[in-house]
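Hello,

Here is the structure for your files. My notes on it follow below.

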Amino acid sequence: MSNRKKVIKFRKRKKINIGIIIFSIMFVYLAIIVYIYFTKDHLTIYEVKEGTLAEDNIITGLILREEKVFESDKAGYVSYFQKDGSRVAKNASIYSIDENKEIMDKIMESDEPMKLTPENNAEFKYEISNFQKNFSDHNFTYAYSFKEGAKSTALEILNTAMIEHGQTVEENTGLSFSYEMVESPESGIVSYYMDNFENVTFDNVSMDLFDVESYERTYLRVTEMIPKGNPIYRLVTSEEWYIILPLTEEQYNKLSERENIRFRILKDNFETSGNITFYKKGNEYYGKVKMDKHLVNYINDRFLELEIHIESIEGLKIPLSSIVEKEFYLVPLEYFTQGGDGKENGLNILTFDNDEGDINITFVPTDIFYKDENYGYVDARLFEPGTTIQITGDTDRYQLHLTDKLTGVYNVNMGYAVFRRIEPLYQNDEYCIVNKDTEYGLSNYDHIALDSSTAVEQAIIY
């Protein structure tokens, strides 16, 4: 009998790859972290700094000036030699008037070139340089100013040519030379707008005049023939001008003690100040702001919107999005005590052992977020309603039940969110000014959560 060996095959034991398991766990962990990062609200930090907010009122003021409107002495075609808003001396050439315009047409049709003096060249270069420096794609005001300036310079050259060649053209053509130059009777600033407010004085100002929607003004520079007595130009003869402010009784009472106010002109976002006096007409209240600068900037404006800083509040400036309300227990001040080391404030909490029937007293460190004459405010999250506390060395007990809310922000100086009380003094649509001397409050350069809804109290944020 032959010996047969029976071969039995055993399954190989599968080896566990520890590296794959660790890698898988790490992959899942990182995936969870990434998911949480992209789905949770991120906390943005804001640095508290001292600042001011002003209680602003936007008021539409009426401008009054010393101004006169001059009319033509005869009918004819007018040519202007001063640009709008330019300063002129007494006896300076303002415009010319030609009864039939034929002399001017002949000169304009002539092929004879007009000579530019060095002064003319300098004026043109100045206008071009000023235009290049101030032009903006978003504001075409300077383009119109350049047009007016260049046109006025050209008209002055034309005026010189007409004076030099007028008699020659008359002799050669037989045309009547009716060209007449008109000069300014006094010095001032030229304007080519009128609005029938030129004769308004402080005494006849009324609330009806502030109806901006019905306001109209007339442009005086025309190319067609004008009749005798037609308005030609307006001349502002004094550098002093006034802005009349219609005030409410409340605004009047707040401002009436001031002699000077600071304000911003909304038209060009220009901030300035002026002396102010106040007067009443029946039930109407007015402020009169005296100005002696910047007249030419607003020579053709009759109304200006002013943002007036009525009250300026100083303190710590924080965004409204940082502010939150939090609930606290009101604890009588006599129940606060210190722990064994004598450094931490806290409360003695009474607990009952139902099995043994004993009463245990445990000291729990507790921050006071605010206190008045009777109570200290402690975080309501730390204790259940009805928790019993006891005075050290006494039998008096008290159950926590009274609550109140405090307004505050989350301070994150230590790397986690901690509530700090604030005392708002004034706010606008975006920011709030708070008292910088608030007990248990904020200090200059503290870091707080920009959005209080993204802060989790006591949670590490870094």
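The structure holds 20 aromatic pairs, where rings of Phe, Tyr and Trp (its six-membered ring) pair if their centres lie within 6.5 Å, and planes under 30 degrees apart count as stacked, over 60 as edge-to-face and the rest as tilted. The ring centres of Tyr370 and Tyr377 are 5.1 Å apart and the planes stand at 55°, so this pair is tilted. Tyr377 is buried, at 5% relative accessibility, whereas Tyr370 is partly exposed, at 23% (buried is under 20% relative accessible area, exposed over 50%, partly exposed in between, with a 1.4 Å probe and protein chains only).

This is a predicted model: local features need pLDDT of at least 70, side-chain atom pairs count only at pLDDT 80 or more, and totals for chains, interfaces and linings use all residues. Residues are numbered from 1 along each chain as its sequence is written, and side-chain values use heavy atoms, with hydrogens and water left out.

One aromatic cluster is formed by Phe70, Tyr80, Tyr95, Tyr192 and Tyr233. Over the face of Tyr192 lies Arg221, 4.8 Å from the ring centre; Lys288 lies over the face of Phe202, at 4.1 Å (the criterion is NZ of Lys or CZ of Arg within 6 Å of the ring centre and within 35 degrees of the ring normal).

There is also an open sheet of three strands, ordered β3-β5-β6 with antiparallel pairing (strands are DSSP runs of E, at least two residues, numbered from the N terminus; two strands pair if DSSP finds at least two bridges between them). β3 (77-80) and β6 (180-183) are at the edges with a single partner strand each, so one side of each has no neighbour in the sheet. Four antiparallel bridges join β3 to β5 (residues 93-98), and Val78 has Ile97 in β5 as its bridge partner.

Regards
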